[in-house]
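Subject: Structure handover

Hi,

Here is the structure I promised to pass on to you. Have a look at it first, and then read on for what turned up.

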Amino acid sequence: MLAATATLAALSSATVIGAVANHRSGVLRAVSPGTVAGSDRDTSDLGLSTTGPTVVHFSAHWCGPCAAVRRVIDQVCADLPGVAHVEFDIDANPVAAQRLSVLSLPSTFIFDVDGRQRYRTAGVPKAADLRAALRPLLA
């Protein structure tokens, strides 16, 4: 009976943790300028646009959801002229991934025209969320 109770408790805990993690997946989170993530890191080698915001996407050939992110970002960039898209393969460019603290794939970042990180997400973002984050940066 004790083993069954322990198993049930473990399964319940895992379900709650999984639900919380899944709920956060793909949600854009604003990065405050005063935080380390939003600070003035050297972004000169990321290929950011100097004329508008840039969406930076980290992926890998073995990452299934990365293809979905690529389609969403391509669609948003087609709808919003002036938004650039740069994709990095995490296996080919681990230094950039480490500098931006990429811990999971896919990971997506939005940088403003000045090269400051404004948003980040892990998972597949919604096209509407990306548009809503990018439109003010185009003004």
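What percentage of the 139 residues in the protein chain is buried? The answer is 37%, where buried stands for under 20% relative accessible area, exposed for over 50%, and partly exposed for what lies in between (1.4 Å probe, protein chains only).

A word on conventions before the details. This is a predicted model, in which local features need pLDDT of at least 70 and side-chain atom pairs count only at pLDDT 80 or more, while totals for chains, interfaces and linings use all residues. Residues are numbered from 1 along each chain as its sequence is written, and side-chain values use heavy atoms, with hydrogens and water left out.

**Confidence**

Where pLDDT is low, the predicted coordinates should not be read in detail.

**Overall layout**

There are four helices and five strands in the protein chain, taken as DSSP runs (helices: H or I, at least four residues; strands: E, at least two) and numbered from the N terminus. Their order from the N terminus on is α-β-β-α-β-α-β-β-α. If you take the contacts between residues at least 6 apart in sequence, 73% of them join residues at least 24 apart. The protein chain exposes about 7,800 Å², with 60% supplied by carbon and sulfur atoms; these areas come from the Shrake-Rupley method with a 1.4 Å probe, and for residues only the protein chains shown count as cover.

**The sheet and its helices**

The five strands form an open sheet in the order β1-β5-β4-β2-β3, and the pairing is mixed. At the edges stand β1 (29-30) and β3 (84-89); each has a single partner strand, so one side of each is left without a neighbour in the sheet. Two strands are called paired if DSSP finds at least two bridges between them. β1 pairs with β5 (residues 117-122) in the antiparallel sense over two bridges: A30 stands opposite Y119, and R29 has R120 as its bridge partner.

Helix α2 (residues 64-79) packs on the sheet, where it touches β2 (54-59), β3 and β4 (107-111), and its direction makes about 165° with that of β2. Helix α4 (residues 127-138) also packs on the sheet, touching β2, β4 and β5, and its direction makes about 20° with that of β4. For these angles, axes are lines fitted to C-alpha atoms, for helices over the stretch in contact, and the values run from 0 to 180 degrees between N-to-C directions.

β4 and β5 are antiparallel too, with five bridges, and F111 stands opposite Q117 in β5. Their hairpin has five residues between the strands, and G115 there takes a positive phi near 85°.

**Salt bridges**

Side chains of opposite charge can pair when their charged atoms come close. The search of the whole structure finds six salt bridges, each being a side-chain nitrogen of Lys or Arg within 4 Å of a carboxyl oxygen of Asp or Glu.

One of them joins E87 and R70 at 2.8 Å, N to O. E87 lies in strand β3 and R70 in helix α2, so the pair ties together parts that are 17 residues apart in sequence. Both partners are partly exposed, E87 at 31% relative accessibility and R70 at 30%.

D112 is buried at 5% relative accessibility, whereas R116 is partly exposed at 34%, as is R118 at 31%. Together with D114, these residues are linked in a network of salt bridges.

**Backbone points to check**

Most residues other than glycine have a negative phi, and most peptide bonds are trans. The loop between α3 (94-99) and β4 contains P106, which is joined to L105 by a cis peptide bond with omega about -10°. S101 is found in that loop as well; its phi is positive, near 60°, and at 37% relative accessibility it counts as partly exposed.

Best wishes

How values were computed:
Contact means heavy atoms within 4.5 Å.
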